[in-house]
Amino acid sequence: MDLAARTLDALDWPVVIERLAAAARTRRGSRAARVAPLACTREEVASRYTAVAEILAFERAGDSLPVGAVLDVGEAVDRAARGAVLEPGEIKEVGLCLRGLAFLRAWLDRRAAEVPTLARMGRPVEVEPEILETIERAFDASGDLADAAWPELADLRRAARAAHKVVDELFEQLLRSEALGDLLQDRYVTDREGRRVLPVKAARRTGLGIVHDVSGSGETAFVEPAQAVEPQNRMRSLEAAVRREEHRILALLSSLVGAGRPAIEASLEAAAALDLACARASFGHGLGGTIPRVGTEGVVALEAARHPLLVLRGVAVVPNDLGVDATRPGLVLTGPNAGGKTVALKTLGLAALFVRAGIPFPAAEGSRVDLFDPVLADVGDLQAVERDLSTFSARILALRSMIDAARPGALLLVDEVASGTDPAQGAALARAAIEAMVSEGARVVVTTHYDELKVLAASDGRFRLAGARYEDGRPTFRIVPDRAGRSHAFGVARRLGVPAAVIDRAADLLGRGGRDLDALLQRAEEDLASIERQGKALEAQEAEVGRRDAALHEREEALRRRTHDLERRVAEGFGRRLDVQERRVRALVAALQADPDLARAGRTLAEIRALRAAAEPVEPASAVERLAHRPEIGDRVAVPSLGIRARVVQVGADRVEVEAGSVRSWIPVSDLGATAASDRPKTPLARSAAPLAGAVPFGGVPSKANTLDLRGRRLEEAREASESFFDACLLRGEPVAWLLHGHGTGVLKSGLRGWLSSCRYVRRWRPAAEGEGGDAWTVVELS
């Protein structure tokens with residue numbers, strides 16, 4: 001009994017190998033996948049997984065190992081080495097393969113420091129430049145031997161084409177000839193035995209030339225005219241010379257390929273090994289696999305493991321935590337039929353085989369699967385009619401083979417151990433067998449319905465008990481550690497329609513001890529289900545708390561961003577205003593220098609003091625005097641937290657809205673301070689249609705940059721356009737804007753001026769003087 005070979009079938013390993021072969025990019029890589037042996041040492045496993053990890057890292061970065069262009073030309077190269085002359089297509093394929101190998105060699109050389117394992121695997125990949133260059137020069141784009149590479153062949157081809165032309169022209173003349181007109185059966189040229197002939201009436205063929213054939217009716221003779229014999233002889237001679245030269249060249253190229261066979265074969269084998277590594281990476285990645293930790297202590301610690309073939313089928317696989325180790329080398333899986341016990345057992349066996357094959361396994365990061373050799377499994381019906389073995393006998397022979405193979409490093413998997421016989425004897429035999437295998441140092445996983453093995457696993461520290469979970473009368477396919485699973489035979493029978501009286505009678509026959517044990521297991525299942533429901537409820541509550549915390553954090557972040565944006569905008573507005581004030585001071589000084597009279601000097605001094613007060617930075621919070629009264633609309637206040645001066649525009653219960661330039665913000669009253677000049681200016685600066693007493697009239701000269709034409713617009717359009725224009729003026733540093741609204745009916749002018757008194761951009765305004773355009777204009781000083 002070859003239990004090792006049957007183990008691979010029982011675990012569906014041939015299906016895995018076929019899917020691995022399909023993931024290869026080359027034919028030779030597919031063959032390598034089908035025949036690659038399982039690794040027998042930890043070092044070999046580590047090398048395979050390191051290569052896979054290097055490939056996955058490059059593929060995540062959008063790169064890939066270029067092995068797909070390496071064609072399998074091994075058969076053609078072997079024939080060439082034995083002296084065969086290859087066909088042109090075969091030689092071209094060899095050239096394409098060598099070019100693919102050269103590209104692979106260059107890729108490995110560029111990345112040798114990043115992929116040391118792949119570079120070591122690809123070390124045999126070498127391409128002889130002379131062979132590659134000779135083959136690539138030998139053929140043209142259409143796949144024929146190139147005239148440029150073979151001058152003698154080119155001369156022969158030219159001569160053959162010329163001879164063809166002579167023959168073509170000769171036969172055209174013969175067809176047009178009046179002398180042959182009555183002799184021809186029809187006017188066309190055909191071919192017989194490689195010679196061009198004319199269809200001649202059989203009765204008139206004598207003396208015309210060589211008869212090569214006669215029609216079935218005997219009325220037509222196919223004659224090569226005498227004057228065409230020598231031209232055709234020359235043409236065929238040249239065609240033969242071309243073929244001989246082509247054969248000579250192909251023989252030369254084939255000899256070159258055959259001489260390079262050792263290097264080409266070694267390169268192909270190395271490329272196939274690299275392709276197999278790519279197939280392992282691609283196949284494992286497609287399963288959602290990870291590379292487990294691998295040791296030699298006989299440990300399996302799978303987290304969230306899934307059966308890979310179920311994953312391939314697209315089944316929503318329930319992940320399970322499974323494992324054995326030196327402390328608890330035996331695992332007893334219990335529970336109902338079709339509850340997931342056998343799937344879990346196969347998952348453990350496949351994990352061990354995947355590791356030895358170097359394929360990532362579908363389990364969570366951090367899982368561990370040590371190297372096991374041998375891996376033996378007894379799963380399914382082993383009845384052998386040809387050997388006169390019953391199912392039980394075949395199972396016992398398999399069990400004996402496992403007992404013989406039990407040793408450190410062995411992983412032994414038994415489905416329904418010692419079943420198929422008297423339950424009492426079967427349970428005793430099963431217990432003795434798994435105790436013996438564990439005592440020899442093997443790792444043992446069994447599935448069972450025997451209560452005796454459940455008791456053993458619960459009481460013997462060398463074994464771990466696990467149960468397939470049932471819920472609401474149906475399997476969940478979840479394996480619960482340290483729990484015995486009920487067989488649920490009565491529940492399954494009831495669900496499938498067995499009469500209740502039969503089930504009740506069966507329960508009576510079970511005996512008190514059996515009923516008590518089943519009831520105990522049922523209560524344990526119910527308690528576990530209750531605990532899991534409570535756990536899910538707590539998880540949902542924690543998730544909700546987490547969502548609320550995240551939302552609160554996001555709101556705080558948004559508030560911080562808004563505060564930062566406000567501070568930035570206020571600072572920018574203050575900077576623009578400062579620039580405006582500086583230009584106005586310079587203009588005042590220039591005007592004073594141009595006309596130095598006493599009255600102008602007084603007005604200039606007053607204006608400069610007002611500008612200085614408006615632009616003066618706010619003192620630090622610790623140095624700012626508190627407001628002596630509750631702020632009112634129009635008050636000038638300091639805002640130390642923002643480092644600005646502002647004007648109160650709205651008053652709330654404990655907050656006020658202040659305006660600085662074009663920016664408004666609500667500030668707590670407790671954060672406000674008094675201005676250095678006075679707590680409350682007697683005359684607010686804003687929105688006055690009359691110039692301030694003693695101040696220099698504002699204005700300047702209208703220009704394209706500071707003038708907005710509003711004529712013909714409705715009031716609402718004019719207001720929107722004016723706001724945008726004021727904002728643009730402030731950004732350009734224009735302190736005064738000129739609005740041209742015309743006279744019209746007066747509705748636009750009066751509505752616009754009424755609105756200017758409350759506009760946040762406007763410090764004050766006035767009608768234009770007669771010399772400035774008159775009442776059709778309004779001059780606006782921006783704040």
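The model is predicted: local features need pLDDT of at least 70, side-chain atom pairs count only at pLDDT 80 or more, and totals for chains, interfaces and linings use all residues. Residues are numbered from 1 along each chain as its sequence is written, and side-chain values use heavy atoms, with hydrogens and water left out.

Start with the charges. The structure holds 37 salt bridges. In each, a side-chain nitrogen of Lys or Arg lies within 4 Å of a carboxyl oxygen of Asp or Glu. One of them joins Arg99 to Glu136, at 2.8 Å from N to O. Arg99 sits in helix H6 (residues 88-110) and Glu136 in helix H8 (residues 129-138), so this pair ties together parts 37 residues apart in sequence. Helices (H or I, at least four residues) and strands (E, at least two) are DSSP runs, numbered from the N terminus. Arg99 is partly exposed, at 40% relative accessible area. Glu136 is partly exposed too, at 37%. Here buried means under 20% relative accessible area, exposed means over 50%, and partly exposed is in between (1.4 Å probe, protein chains only).

Move on to Arg462. Its salt-bridge partner is Asp460, with the closest N and O atoms 2.9 Å apart. Asp460 is buried, at 17% relative accessible area. Arg462 is partly exposed, at 28%.

Next comes Arg464, whose side chain meets that of Asp482 in a salt bridge of 3.7 Å, N to O. Arg464 belongs to strand E12 (residues 463-471), while Asp482 lies in the loop between strand E13 (474-481) and helix H17 (489-495), so the bridge ties together parts 18 residues apart in sequence. Arg464 is partly exposed, with a relative accessible area of 24%. Asp482 is also partly exposed, at 40%.

Some bridges share partners. Arg28, Arg31, Asp72, Glu265 and Glu269 are joined in this way into one network.

Now the rings. The structure holds seven aromatic pairs. Rings of Phe, Tyr and Trp (its six-membered ring) pair if their centres lie within 6.5 Å; planes under 30 degrees apart count as stacked, over 60 as edge-to-face and the rest as tilted. Phe354 and Phe361 pair edge-to-face, 5.3 Å centre to centre, with 80° between the planes. Both Phe354 and Phe361 are buried. Together with Trp13 and Phe283, Phe354 and Phe361 form one aromatic cluster.

Last, a charge meets a ring. Arg192 lies over the face of Phe222, 4.0 Å from the ring centre. The criterion is NZ of Lys or CZ of Arg within 6 Å of the ring centre and within 35 degrees of the ring normal.
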